[in-house]
Structures are given as structure tokens and as C-alpha cells.
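Reader: Could you walk me through this structure slowly, please? I am still new to reading these.

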There are 2 protein chains.
Amino acid sequence: MLSADAVTHNPEVDLPGLPLPLTGRTSFFAILGDPIAQAGSPALFNTAFRRRGWPAVLVPMQVKAADLAMTLRGLRGIGNLRGLVLTTPHKIAAVGLVDSIGAEARLVGSINAIRCGRDGRWHGENFDGLGCLRGLQMAGHSVAGRRVLVVGTGGAGAAVAAAIAREGPSSLRLHDVDAVRAGHVCAVLRATFGAVSIVVGPPDLRGVDIVINCTPLGMEGNPGPSVDAEGLAPGMVVADLVIEPEMTELLQAASSRGCIVHPGRRTLEGQVDALCTFFEGESHG
Amino acid sequence: MLSADAVTHNPEVDLPGLPLPLTGRTSFFAILGDPIAQAGSPALFNTAFRRRGWPAVLVPMQVKAADLAMTLRGLRGIGNLRGLVLTTPHKIAAVGLVDSIGAEARLVGSINAIRCGRDGRWHGENFDGLGCLRGLQMAGHSVAGRRVLVVGTGGAGAAVAAAIAREGPSSLRLHDVDAVRAGHVCAVLRATFGAVSIVVGPPDLRGVDIVINCTPLGMEGNPGPSVDAEGLAPGMVVADLVIEPEMTELLQAASSRGCIVHPGRRTLEGQVDALCTFFEGESHG
């Protein structure tokens with residue numbers, strides 16, 4: 001058996017949820033959200049940083065919406081801060097607090113990641129759509145030619161809808177309790193993806209092949225589901241972006257009705273590689 | 001051999017420099033300084049947190065003196081921030097940026113730790129003197145009745161001088177390139193420890209039993225030593241608060257002249273337990 005020191009310093013030894021040993025030279029990253037306890041990113045990213053041999057750590061930061069601007073201003077003073085991941089409720093507000101944003105972020109109007117450049121410039125981009133799509137693909141679920149319903153068109157939902165539209169579904173329906181927001185996202189996507197049938201409509205599951213919950217409904221203290229479970233039919237792919245609990249009310253109902261269940265962790269796993277590349281500065285979307 | 005998961009989640013397995021696996025529920029701590037690369041705290045505290053079973057991590061933050069106020073203001077927005085450790089050049093400036101300070105901090109005019117209370121109140125205290133004294137004691141070096149020279153009377157030096165004075169040395173000499181600062185610290189300590197002979201004087205090693213370097217001289221890019229090595233004599237205890245390199249120019253010279261060498265790491269190790277207790281809120285100095 002190896003000594004503890006040899007184990008901890010060897011990136012080829014996976015220590016789940018742990019980065020390489022921390023020193024004064026460790027770079028740092030954070031995920032900001034409210035709530036934050038449910039976040040899967042600390043476990044996933046620290047494992048990924050270690051595997052890459054990066055001397056870096058990602059920490060969770062509980063930050064209220066009202067404190068976001070002040071907190072980001074303060075974080076700019078930290079020289080070894082390399083990047084931020086943003087979750088609810090910060091994805092839209094943060095757009096106005098960075099120096100530049102990428103193409104996907106411009107399209108969907110929100111960011112879920114900030115690269116904190118060594119030159120002091122902060123660049124935002126959104127990887128939720130890419131992550132959702134890759135997660136579905138990794139599980140063998142193709143989107144092209146399918147009838148897709150996206151429920152929730154906030155920061156993550158708009159990004160997911162854009163990634164779906166890009167793949168050429170046979171139809172894409174958007175639903176949000178805020179009809180104005182859904183209508184706005186629908187108009188933006190129609191302008192970009194003219195060949196795809198994109199509509200705003202009810203969260204009705206009839207004739208749907210893939211449904212994706214992009215609302216926070218189903219998280220602790222936020223009872224779900226966001227759609228009427230009566231419409232869940234065998235063979236339907238039911239995806240949820242909620243990470244904890246892993247089996248949300250929606251996914252439990254889907255499972256009991258013979259649907260194919262796709263938990264929120266997959267969307268996160270689908271974007272860890274892309275986010276690491278983004279943080280390295282190789283991606284300038 | 002245990003599975004990686006069983007090892008990482010077991011606080012009784014030491015993984016040097018590593019905390020327990022990170023999740024969204026991890027509390028966080030930071031050490032702020034400029035430079036920060038040399039800091040030993042990330043390795044020591046993460047090992048200590050893990051051993052205590054605390055779901056917590058301490059990260060290094062490189063923060064310039066001019067950015068301290070802005071950064072601390074921003075960090076107040078982070079709900080799961082539990083504490084900060086401060087190193088050069090922040091120990092004195094931070095006194096004005098917390099809500100209250102403890103007795104030792106009032107005496108020496110600087111803090112090296114902030115407890116970030118769940119009620120939003122920040123309380124500062126200084127553990128450098130305690131750490132230095134405990135470190136010396138752990139190495140078997142008594143201070144009572146000895147002739148001590150403290151070089152450097154800034155944030156750390158004043159705290160060390162106070163802790164030494166409290167032990168009753170036969171004499172305590174203070175030196176600083178800033179004579180006004182040394183004089184101020186001397187006056188404060190004389191008022192508190194009237195029975196001890198405390199003077200300001202040159203960094204002359206004749207007749208000294210213990211010399212403690214509390215200046216940054218000896219750190220990378222800051223050539224030392226802070227005293228004339230010619231005066232180093234066999235049997236003299238030579239302590240350095242500089243942590244990296246471990247063997248500073250001063251300690252190398254001391255070693256080659258038969259002195260007893262006491263590296264900076266000992267002062268840090270001497271205060272980790274006290275700082276953890278302070279962060280827990282059991283100490284309200």
C-alpha cells in the first residue's frame with residue numbers, strides 16, 4: 001500500500017470529490033448559488049481538476065441574489081481566482097457583471113460560467129445547453145427528429161432550448177409560467193433556427209418524445225412536478241435538470257410509468273470537460 | 001485495501017493537505033495575503049479540518065493591500081464563509097474592517113484571523129504570539145528568564161513581542177527599521193508588562209539567548225537576513241517566522257554556526273488548534 005503522501009499527490013489516484021493537496025499556489029474556482037447545498041459541482045469539478053493534474057480547487061459559495069454584484073466586485077480582488085460557475089438565481093443577472101460574453105450567452109441571455117482572465121478581464125459563457133445535449137447523447141438519446149417539450153425558459157431553460165433547436169427536432173414546444181419570458185425565448189430561437197417548428201404552449205405531454213424540466217420545481221422546498229404526471233407514457237424520455245434529490249417527484253412518477261429517466265447529474269457531467277477547457281482559455285466563444 | 005470512496009470520506013484516514021470531499025454543503029475558509037504562494041496554512045488547515053471531521057475547506061487568496069477593503073466587503077455576501085486567516089500585508093489594515101476585535105488584537109493592534117459569525121458579525125483576533133510561544137515550547141525552548149530579541153514590530157512582530165513579554169523574559173529588545181513603530185510597540189508593552197525590561201535597540205546579537213525574525217526578510221525576492229549573521233553564536237535559539245523557504249538565509253547561517261534553528265512552520269503549527277477553536281466560536285477573547 002502506498003504512503004498517504006504518495007497517494008494524495010498522484011493525480012492518477014482518484015480520490016472522489018477531492019482535488020490535489022492544497023498549498024499557497026492552489027488556484028481557485030467557486031460555484032455561486034442560492035440555495036447551494038444541493039450543488040453537484042464541488043464533487044465533480046474537484047475530481048476533474050485532480051485527474052487533470054491541476055493545482056486547483058472549486059468551493060461552494062452561498063450568495064443571495066441581492067448580494068451578487070457586491071460579491072463579484074469583491075472577488076475581482078483575488079489574484080488566483082480563475083473561474084466561477086453560476087447556478088440559480090444568478091445566471092441572468094451575471095450577464096451585466098462581466099466584461100464580455102460568448103456567442104451562446106448572447107443568444108440565450110444568460111451565463112453559467114465566468115473565466116477570470118489573468119489580465120483581469122472576466123468572460124462569461126453558457127454551457128447548460130451543451131451539457132444537457134451531451135448528457136442526452138451520452139445516454140443514447142438523439143434529439144434530431146424528435147418532439148421535445150422544454151419546461152422553464154429561465155437561465156438554464158433558454159440555453160437548453162437553444163441547444164435542442166440546433167439539433168433539428170421535429171418540433172420544440174416551450175412552456176413557462178411566465179408567458180412573456182417563454183414568448184421572448186421562442187422569438188429569439190425562431191429568428192436563429194428558422195427551419196425548426198418552435199412554439200409556446202402548455203406543459204401537455206401528449207405527443208411528446210422528450211420532456212426536459214428546467215424549472216427548480218422538484219428541489220427541496222420546491223414541490224414538483226412541473227408537468228401533469230398523468231401524461232407520462234412508456235418510452236418517453238423524461239429529463240430533469242434538478243440535481244438533488246436525484247430522483248425528483250417528476251422522475252419518480254416517470255419511472256413508475258415506464259418512461260426513460262434522465263437525472264440532472266447527467267447535464268452537469270455533460271459539461272465538466274467543456275467548462276475545464278473554457279477555464280483554461282482555449283475556448284473563446 | 002479500502003475503496004477510494006471509503007478512504008476519502010473517513011476522517012480517521014489522513015490525506016495530507018486535503019479536507020473531506022467537497023460538496024455543496026462544505027463550509028469555507030480562506031487565507032489572504034500578498035504574496036500568498038509561500039503560505040503553509042492551506043496544507044495545515046485542510047489536514048486539520050479533515051481530522052476534526054469538519055466539512056470545510058481553506059483556500060489561498062492572493063489579495064493586494066489596495067484591494068483588501070473591497071474584497072472583504074464582497075466576501076461578506078458569502079453565507080457559508082466561516083473564517084479568514086490574514087498574513088502580510090493585511091494584519092494591521094484588517095483591524096478597521098471587522099465588527100469587533102479580541103483582547104490580544106487590542107493590545108498589539110493587528111489581527112491574523114477573523115471569525116465570520118452566522119449572524120453576519122465578523123470578529124478579529126491575533127494568534128501569532130500564541131503560535132510563536134507554543135511553537136517554541138513544543139520544541140522545548142522556554143522564554144522565561146531569557147534575553148530575547150524580536151526583529152520586526154509589524155502585525156506579527158508586535159504580537160510575538162507581547163506573547164514573549166507575558167512570559168517574563170529577563171530582557172526583551174525590539175528592533176524595526178521603522179523606529180517610530182518599534183517605539184510605539186515598546187511603549188504599549190511597557191504599560192502592560194511593567195515588570196519586564198523592554199527596550200528598543202539595534203539588531204545586535206551580543207548577549208541574546210533567543211532571536212526571532214518577524215520581518216518578511218528571507219522570503220523569496222526579499223533577501224535576508226534581518227540581523228548581522230556575524231553575531232550568531234553556538235547554543236543561541238534562532239527562530240524565523242518566514243515559512244518558505246523553510247531554511248531562510250538566517251536559519252542557514254544559524255545552522256552553520258551551531259545555533260538551534262526554529263523554522264517558521266512551528267509558529268503556524270503552534271496556532272492551528274487555537275484557530276480552529278476560535279473559528280468554532282468557543283473562544284470570545
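Reader: Thanks. For contacts in chain A between residues at least 6 apart in sequence, what share joins residues at least 24 apart?

Author: The share is 66%, where two residues are in contact if their C-beta atoms, placed from the backbone, lie within 7 Å. Please keep in mind that this is a predicted model, in which local features need pLDDT of at least 70 and side-chain atom pairs count only at pLDDT 80 or more, while totals for chains, interfaces and linings use all residues. Residues are numbered from 1 along each chain as its sequence is written, and chains are lettered from A and ligands numbered from 1 in the order in which they are written.

Reader: OK, and how many helices and strands are in chain A?

Author: Chain A has 9 helices and 12 strands, which are DSSP runs numbered from the N terminus (helices are H or I with at least four residues, strands are E with at least two).

Reader: How much of chain A is buried?

Author: Of its 285 residues, 56% are buried, meaning that 20 or more other C-beta atoms lie within 10 Å of the residue's own C-beta, placed from the backbone.

Reader: Switching topic, how do α2 and α9 of chain A cross?

Author: The axes of helix α2(A), residues 41–52, and helix α9(A), residues 265–280, come within 11 Å and cross at roughly 45 degrees; axes are lines fitted to C-alpha atoms over the stretch in contact, with angles from 0 to 180 degrees between N-to-C directions. The two helices are therefore oblique to each other (under 35 degrees counts as roughly parallel, over 145 as roughly antiparallel, 65 to 115 as roughly perpendicular, and the rest as oblique).

Reader: Which residues make that contact?

Author: On the α2(A) side they are Ser41(A), Leu44(A), Phe45(A), Ala48(A) and Arg52(A), and α9(A) contributes Leu268(A), Glu269(A), Val272(A) and Cys276(A).

Reader: And how many residues of chain A touch chain B?

Author: In chain A, 39 residues are in contact with 39 residues of chain B. On the chain A side, α1 (4–8), α2, β2 (56–62) and α3 (68–75) each supply at least two residues.

Notes:
A residue is buried if 20 or more other C-beta atoms lie within 10 Å of its own, exposed if 12 or fewer, and partly exposed in between; C-beta atoms are placed from the backbone.
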